[in-house]
Amino acid sequence: MLVIGDEILSGRTREGNGHHLAGVLTEIGIRLIEVRVVPDVADEIVAAVQTLSAKADHVFTSGGIGPTHDDITAECVAAAFDTPISVRDDAREILARHYAETGRELNEARLRMARIPDGAELILNPVSAAPGFKIGNVHVMAGVPSVFQAMVQQIRPGLKGGAKVLSWSLRCEIGEGDLAGPLGEVQGMFPEVSMGSYPFVTSSSIGSVLVLRHADRGLLQDAAQALRNILAPMGGVASEVLPEDA
């Protein structure tokens, strides 16, 4: 995922689209391998699009396709693919219909949102009409969370994933410093299972939530049992969240 915008890097806007996208992709069975944030600088956007497009099956961008001068994502994606960009008739028609219905003018600034690279497919926007687009393996979408989420729903049927990744969580009142060795031992026994440790502190205890992730339920169950066996002499597992409950 490529998040574009100075407002994210300045702290003015809290980034939440990555969290939403990660959840949707996990449900589909697509692994999100990176979320990168870049400023509204053309060279950096172009370079990031080219790099991510070459390393991943899909790239999803967020931000920078609005009507203002700093909304430069569309031009930058076109440049990354060395493709011309212009106001396209089908995108113009969508905007013209929307603004006629709302009684507002389709002025020059708003018409900027109809700029689409040659050969791109439109991504419909049921919230505010201005479309995104897909070119190559790059899906270009808005930064406004409600619009981004609606656009993700539009493209979701066309995204083909693998088996859904399952998550098995074990909560224990054992500090990470004491868990590091045992957790590493179990990771060595099950190298294909993703394992993470997430500490917590309450008024009465400290502890960790251990999270195991893999598409194979049986493998997860074996890894969880290995953890239980190792943690038993240290105080054991306080509670678990099984994949069907996650």
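Student: In which sense do β10 and strand β11 pair, and over how many bridges?

Tutor: This is a predicted model. Two strands count as paired if at least two bridges are found between them. Here β10 and β11 (residues 206-214) pair in the antiparallel sense, over 8 bridges.

Student: What is the strand order of the open sheet?

Tutor: The order is β10-β11-β9-β12. The sheet has 4 strands, and the pairing is antiparallel.

Student: Which strands stand at the edges?

Tutor: Look for strands with a single partner. Those are β10 (194-201) and β12 (239-241), so each has one side left without a neighbour in the sheet. On average, neighbouring strands are turned by 20° against each other, direction ignored.

Student: Which helix lies across β9, β10 and β11?

Tutor: Helix α8, residues 176-189, does. Its angle to β10 is about 165°.

Student: Now the largest pocket. How much space lies in it?

Tutor: About 550 Å³. Next, read the lining. It is made of 33 residues. G63, G64, A142, G143 and V144 lie nearest the pocket's centre.

Student: Which elements give two or more residues to that lining?

Tutor: They are β1 (2-4), α1 (6-9), α5 (89-102) and α7 (145-155). The most comes from α7, with 3 residues.

Student: How does the lining of the largest pocket divide by class?

Tutor: There are 13 nonpolar, 13 polar and 7 charged residues.

Notes
Residues are numbered from 1 along each chain as its sequence is written. This is a predicted model: local features need pLDDT of at least 70, side-chain atom pairs count only at pLDDT 80 or more; totals for chains, interfaces and linings use all residues. Side-chain values use heavy atoms; hydrogens and water are left out. On a 1 Å grid over the protein atoms alone, a cavity is a set of points where a 1.4 Å probe fits but cannot get out, and a pocket is an open set with protein on both sides within 12 Å along at least five of seven lines; lining residues have an atom within 4 Å of a point. Grid points are joined across faces, edges and corners, and a volume is the space filled by probe spheres set on the points. Ala, Val, Leu, Ile, Met, Phe, Trp, Tyr, Cys and Pro count as nonpolar, Asp, Glu, Lys and Arg as charged, and the others, Gly among them, as polar. Axes are lines fitted to C-alpha atoms, for helices over the stretch in contact, and angles run from 0 to 180 degrees between N-to-C directions. Contact means heavy atoms within 4.5 Å.
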